[in-house]
Amino acid sequence: MSEEKPYGFTITVQGRNFLAKQVAGEQLNISRVMVGSGIAPEDTNLAYLTDLIQPVAQATSTYPIAEKDTVSFIVEYRNDLNGGLKEGFWLREFGVFARDGEDEILIYYATLGDFPQFVIAYRDGVVDIRRYPVTLKISDKIDIKLEYPALAFVTEERFWKLLKMEAVPYLERIIKNSTIQRDIMIPATAWTEEIAEGGGGGVCANVGQKDVTDEMIPIVSIFRECMSIARNCGMSTTAETVNGGVKFYAEEAPEQDIRASLLLLRASGGSGTYINNMASDEEVQEMLNEVFGSTTTTPETPEESA
């Protein structure tokens, strides 16, 4: 029975000589990361390798983080990189290359030994991801340069934390700066029989609003105490913005004023007409459950999670 080959990770001889120069303040130029399917012969000293045994594809990594005398990063191979992996392969090795003057050398080599990982071909949008941590011991002061586009990865827990701390407040600011909200009154005397094209009703009312443009999108919520008035006159669910006002439509003029809440979204082009068919909280939650699973709940805001 043959002896089991464990994982093997080593800084090559070329890598050691190269990294020793970093003590003198030379820049660490990481130029390439590769994955392969090669199997090192039993009598091979991995430290003397100058390339992968059987290179397959170029990989990527997180941006290296320097701390004291080490540089750490995560090597990642995704089957959707560089146009997508055409055929699956057994990932058995990977290497990190660096620029030494005009030469490119293998400074770090890793073999997965008897524990290779099969990477499937990229088909039907199915992404297969493999990650491996790397730590290089160099010097007290490290200046790092990457010659390939490093990718940044986050855990799901970190993603939701960043979402609550940064994305949600950012979106709240965008929404605040992109909307106008106010209460309005549609006077009973404002209704006329002059029908705009596509109005969908027998009368219309133009409520003046000086800061409104025809590119804004109106969302109107009738106050509860006025809903029966709006219903009895056949008020349309369609509202339309025009320069300097908002137009409403109904089958006949109401006998009383109608009070409502007006929300205006600042749009860059497109129609300023909005059909006021609003989803309920239950419908929104049902949609979220269908997309993310039945246990999905709306993420807490930063204030709620504090």
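## Cores and an open sheet in a predicted model

Tyr-77 touches Val-35, Ala-57, Gln-58, Ala-59, Leu-85, Phe-89, Leu-91, Val-119, Asp-128, Ile-129 and Arg-130, leaving aside residues up to four places away in sequence; contact means heavy atoms within 4.5 Å. This is a predicted model, in which local features need pLDDT of at least 70 and side-chain atom pairs count only at pLDDT 80 or more, while totals for chains, interfaces and linings use all residues. Residues are numbered from 1 along each chain as its sequence is written, and side-chain values use heavy atoms, with hydrogens and water left out.

**Nonpolar cores**

- The largest nonpolar core has 31 residues, and Tyr-77 and Phe-94 have the most contacts inside it.
- A nonpolar core is a set of buried Ala, Val, Leu, Ile, Met, Phe, Trp, Tyr and Cys residues joined through side-chain atoms within 4.5 Å; buried means under 20% relative accessible area, with a 1.4 Å probe and protein chains only.
- Among the elements that each supply at least two residues of this core are helix H1 (13-20), strand S2 (28-36) and strand S6 (70-78); helices (H or I, at least four residues) and strands (E, at least two) are DSSP runs, numbered from the N terminus.
- Apart from this core lies another, of 23 residues, including Cys-226 and Ile-258.

**Ser-31**

- Ser-31 lies in strand S2 and counts as buried because its relative accessibility is 7%.
- Its contacts are Phe-97, Ala-98, Arg-99, Glu-104, Glu-147 and Tyr-148, not counting residues up to four places away in sequence.

**Open sheet**

- Three strands form an open sheet in the order S13-S19-S16, with antiparallel pairing; two strands pair if DSSP finds at least two bridges between them.
- Strands S13 (179-186) and S16 (217-222) stand at the edges with a single partner strand each, so one side of each has no neighbour in the sheet.
- S13 and strand S19 (residues 258-265) run antiparallel and are joined by 8 bridges.
- Met-185 has Arg-259 as its bridge partner in S19.

Technical notes
Buried < 20%, exposed > 50% of the residue type's maximum accessible area, 1.4 Å probe, protein only.
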